Amino acid sequence: METRVFTCIRCPMGCELTASISEHGVITVKGNACIRGEQYAKKELINPLRVLTTTVRVIGGIQALVPVRTRGEIPKEKIMDGIRQLKQIQVKAPIQIGEVVVENLVDSGVAVIATKTVRKRE
Amino acid sequence: MNYDIVIIGGGPAGLAAALGARESGKASILIIERERELGGILNQCIHTGFGLTTFNEELTGPEYTQRFIEEVEGKNITVMLQTMVIEITKEKQITAMNIERGCFLIEAKAIVLAMGCRERPRGALNIPGYRPAGIYSAGTAQQYVNVEGRMPGKEVVILGSGDIGLIMARRLTLEGAKVKLVAEILPYSSGLKRNIVQCLDDYQIPLRLSHTVVAIDGKDRVKGVTIAKVDERLQPIKGTEEYISCDTLLLSVGLIPENELSAMLSVTFNPSTGGAIVYENLETSVAGVFACGNVLHVHDLVDNVSAEARFAGKYAAEYLNRTMEEELAVIPLYAGEGIRYTVPNQLRISRLEEQTIVRFRVNKPCSNAYLCIYFNDIRVDRKSKRNITPGEMGQIIINKKDISKYPKINQITITMEDK
């Protein structure tokens, strides 16, 4: 049986979670105050996931950058590759909040969306 | 120019205050914002973590703010951007200026102070050394990186483990900088635990607790800093110095409510928060002037700012119906053992709602403690608390029906007691 301790990042409480995986692959989680903690520990044990937030260059906008995020979580080890892919692209203003900037970031199957509206520079 | 309610500041507090005021009546409402857009500091907070209690999802700062801006639009709330308030009088005359109108006067019936806070600068720390380029407050660096697209440096040391410092450790790492370490003078971090995990641990950035920067090397540009361990009295311990080469030092060493305008009004301040002393309805010592958000006390979660500010707006709208100021019985609310401060600080029984939310911070990390409410010397409530640190704001409810059971209360005290 393998046991690991995590601090939950699902909310500001930061519960200390103890996750154990049995020989048969059954995971038990202790220390969580809510269901989100259990879900987090299970994922963290097998395949840690994170939301990536960064910025992308804008052409012709009232600001130089548009903030973006992955619509869902992507594997933690793909974060740096994701950043590199997003550094290479530019988007043209206007951009609407929620608009898809990249369909499938580093083959994660997850899209990247704008988190702010950037108007065109007059 | 006349408005019933003037809200100073168009960040999360100002926006929610405007909505709270609108929900409570038909008053004319004006938001004055000095920047080019609404949203305040959230515009540069591109990371997630906002809105968990308000919207039950994790949004980025700009997304969170957009939801409030959309709600404000179409509610007949006037917004003045790029407008700076330079003076307020007790008569609620506001002097403001902008490019179109120059200097002009606004008369208000009620005012909501929602100016937010700013970062403690290097000057507040007394670190010896020259004044080389490469020393930034963490929020300034955040503005450079996230809004302007400029990097402050390549090799970074961060002093202070407040949330902005932790968030910037990750952000600069993603942008290609080497963040060498985060030094925190206290034996615990003042940031949220989740940020230590997802901003430092995820990127193997060391957090050196009980350490501070004792010298900055470099004349034109930062070349390095000397860190040292500190003792219980937070004094550097000789012989523990360590030189860390870097070209950038970020400071994340606390936030100060931006209360210059409130001081002009001579509102009474609480030295523990740097914000105004307020009554149960978030009204300051000046009748008809309300305060909310980070100008009142520094919050760690914007969701709490929005909730608090909505109330301030609501009570500002109710104030418009107040016909005369009367002397009301006031019960002071004290921060007792283990508590650094409470908001509000004074309760007027006749104005209390069924439930009053009291927000507080503890003065040291607590595990397995009791959060208690005392009416005079009588303990009327005791709740078990698992873990709470000074970095996390807590809240407790005071029920009006409990107060009415004890007619002879002359003070209420909140405490956090070890089990």
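Author: A helix here is a DSSP run of H or I of at least four residues, numbered from the N terminus. The model is predicted.

Reader: Why do the buried residues of H3(B) lie on the same side?

Author: The buried residues of this helix are Ala138(B), Gly139(B), Ala141(B), Gln142(B), Val145(B) and Asn146(B). They lie on the same side of H3(B) because they cover an arc around the axis of only 155 degrees.

Reader: Is the crossing of H1(B) and H2(B) left-handed or right-handed?

Author: The axes of H1 (residues 12-23) and H2 (residues 61-72) of chain B come within 10 Å and cross at roughly 35 degrees. H1(B) contributes Pro12(B), Leu15(B), Ala16(B), Ala18(B) and Leu19(B), while H2(B) contributes Thr65(B), Phe68(B), Ile69(B), Glu71(B) and Val72(B). By class, this contact has 8 nonpolar, 1 polar and 1 charged residues. As H1(B) passes H2(B), the crossing is left-handed.

Reader: Which elements of chain A give two or more residues to the side that touches chain B?

Author: The contact takes 20 residues from chain A and 21 residues from chain B. The side of chain A comprises 9 nonpolar, 7 polar and 4 charged residues. The elements that give two or more residues to it are strand S5 (53-59) and strand S6 (65-70) of chain A.

Notes: Residues are numbered from 1 along each chain as its sequence is written. Chains are lettered from A and ligands numbered from 1 in the order in which they are written. This is a predicted model: local features need pLDDT of at least 70, side-chain atom pairs count only at pLDDT 80 or more; totals for chains, interfaces and linings use all residues. Axes are lines fitted to C-alpha atoms, for helices over the stretch in contact, and angles run from 0 to 180 degrees between N-to-C directions. A crossing is left-handed if the near helix is turned anticlockwise from the far one by less than a right angle, and right-handed if clockwise. Two residues are in contact if their C-beta atoms, placed from the backbone, lie within 7 Å. Ala, Val, Leu, Ile, Met, Phe, Trp, Tyr, Cys and Pro count as nonpolar, Asp, Glu, Lys and Arg as charged, and the others, Gly among them, as polar. A residue is buried if 20 or more other C-beta atoms lie within 10 Å of its own, exposed if 12 or fewer, and partly exposed in between; C-beta atoms are placed from the backbone. The arc is that of the directions from the helix axis to the C-beta atoms.
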